[in-house]
Amino acid sequence: MAKTKPGKKDLDSYSIKGTNKVVRVGDCVLMRPSDSDKPPYVAKVDRIEADHRNNVKVRVQWYYRPEESVGGRRQFHGAKELFLSDHYDFQSAHTIEGKCIVHSFKNYTKLENVGPEDYFCRFDYKAATGGFTPDRVAVYCKCEMPYNPDDLMVQCEGCKDWFHPICMGMTIEEAKKLDPFLCSDCSSEDDAKRPLNSFHVEPKVELKRRKR
């Protein structure tokens, strides 16, 4: 951690004004945007400090929403998906509206109920270049797209791959009634196994820098 400047001191925590919630380093928070029409920004608190007048600032690491990244929102991005960026800023602690939880992708898919404070992250994002880590993810179904946890998928008992009902010419209700479900390849007794491919995650449009 960088040395504290003269007249400033590091704090262990900060109480969000008007609430009983306490923010500590490492917590994820919702921060008020300058445009009231936009949803709150999401960030991870990296540092909390106060000056000699007891004005509190937080150093935060920003999460980006898919639509704020190079390439924009894609079909496989979940509604609550975020990218952890390498973009840091100091912000007034007064702009913190509340706390939230950014789950790993695996833990998010195990949630029985997704609350308004629940988000997930499966990519790190370089704000300056638009690059993602990892830059490849597994794909599923005939459409060969990465998994979107908002979309229902059914698993084939034969090849163990996952499929969107609509890609198999079925409604969601029809897919739920199938037990077991076999994809068209397995149901036609085609023993050829399709290898697990991957999807290359890369920016598709020219860079646009995000303004805070």
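## Cysteines, a buried serine and model confidence

Welcome! The structure holds 0 disulfides, a disulfide being a pair of cysteine sulfur atoms within 2.5 Å.

| Cysteine | Nearest cysteine sulfur | Distance |
|---|---|---|
| Cysteine 156 | cysteine 186 | 3.6 Å |
| Cysteine 183 | cysteine 186 | 3.7 Å |

Cysteine 156 counts as buried because its relative accessibility is 0%. Cysteine 183, at 3% relative accessibility, counts as buried too. Here buried means under 20% relative accessible area, exposed means over 50%, and partly exposed lies in between (1.4 Å probe, protein chains only).

This is a predicted model, in which local features need pLDDT of at least 70, side-chain atom pairs count only at pLDDT 80 or more, and totals for chains, interfaces and linings use all residues. Residues are numbered from 1 along each chain as its sequence is written, and side-chain values use heavy atoms, leaving out hydrogens and water.

Now to a serine. Serine 69 sits in the loop between β6 (56–64) and β7 (81–92); strands are DSSP runs (E, at least two residues), numbered from the N terminus. With a relative accessible area of 8%, serine 69 is buried. Apart from neighbours within four places in sequence, serine 69 is in contact (heavy atoms within 4.5 Å) with Phe83, Tyr125 and Phe132.

Finally, confidence. The average pLDDT (the predictor's confidence in each residue, from 0 to 100) is 87 for the chain, and 86% of the residues score at least 70. Over residues 204–212, pLDDT stays under 50, and the model has 23 contacts beyond four places in sequence for them. Where pLDDT is low, the predicted coordinates should not be read in detail.

How values were computed
Helix = DSSP H or I, 4+ residues; strand = E, 2+ residues; numbered from the N terminus.
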